[in-house]
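Please look over the sequence and the model shown here before reading the report. The notes are arranged by topic.

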Amino acid sequence: MSYVAAIFIQRADESQNEIVARANQLIAANFSAIEAVRTVRVMANDPGRAEDFGIVEIDVMQSRNPEALALLRSIFMLLCEETNWGMELNWDGIEAVEPDFCTYLRRQYGTRLPVEFDEDEEFLLA
């Protein structure tokens, strides 16, 4: 069984390439001193994956390391402050192996504040 923590960017005014570039720039500028930053991947998804995994996905290479998971959450909070992207922070089973990382968050497009949500709830990021 695979456990993956990831940020899924569902909607933005920018193109996928612009989102990837901006996310990489923000991560490098704010977290370069953290050892776990080497595990961060920012990837544009093809249209077939975009419905389930967003137009851009950010993960920590399927790490279960608490430092990497905390970094992913910090990246999500930074993106909430610095962008208007519609996105979610999805732990996808991580809570089964790391109980401290189980608060699913979403942030609607055009807003700044993330909110908790149940992964089973219906939610449109538009």
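## Basis of the model

This is a predicted model, in which local features need pLDDT of at least 70 and side-chain atom pairs count only at pLDDT 80 or more, whereas totals for chains, interfaces and linings use all residues. Residues are numbered from 1 along each chain as its sequence is written, and side-chain values use heavy atoms, with hydrogens and water left out.

## Strand pairing around E1

Helices (DSSP runs of H or I, at least four residues) and strands (DSSP runs of E, at least two) are numbered from the N terminus, and two strands pair if DSSP finds at least two bridges between them. Strand E1, residues 6-11, pairs in the antiparallel sense with strand E3, residues 56-59, over four bridges, and within this pairing Phe 8 has Glu 57 of E3 as its bridge partner.

E1 is also joined to strand E4, residues 86-90, by five bridges, and these two strands run antiparallel; here Arg 11 is bridged to Gly 86 in E4.

## Two buried strand residues

Ile 9 is found in strand E1 and counts as buried because its relative accessibility is 0%, where buried means under 20% relative accessible area, exposed over 50% and partly exposed in between (1.4 Å probe, protein chains only). Contact means heavy atoms within 4.5 Å, and, leaving aside neighbours within four places in sequence, the contacts of Ile 9 include Ile 19, Ile 55, Ile 58, Trp 85 and Met 87. The C-alpha atoms of Ile 9 and Glu 88 are separated by 6.7 Å, although the two residues are 79 apart along the chain.

Asp 59 is found in strand E3, and with 2% relative accessibility it too counts as buried. Its side chain makes a polar contact of 2.6 Å with the side chain of Arg 41, a polar contact being a pair of N or O atoms within 3.5 Å, of which, within protein, one must be able to donate a hydrogen and the other to accept it, while residues adjacent in sequence count only if both atoms are side-chain atoms. A polar atom of the Asp 59 side chain also lies 3.0 Å from the backbone nitrogen of Met 61.

## Packing of H1 and H3

Helix H1, residues 16-31, and helix H3, residues 66-82, pack at an angle of about 115°, with their axes 11 Å apart. H1 and H3 are therefore roughly perpendicular to each other, since angles of 65 to 115 degrees count as such, those under 35 as roughly parallel, those over 145 as roughly antiparallel and the rest as oblique. Axes are lines fitted to C-alpha atoms, for helices over the stretch in contact, and angles run from 0 to 180 degrees between N-to-C directions.
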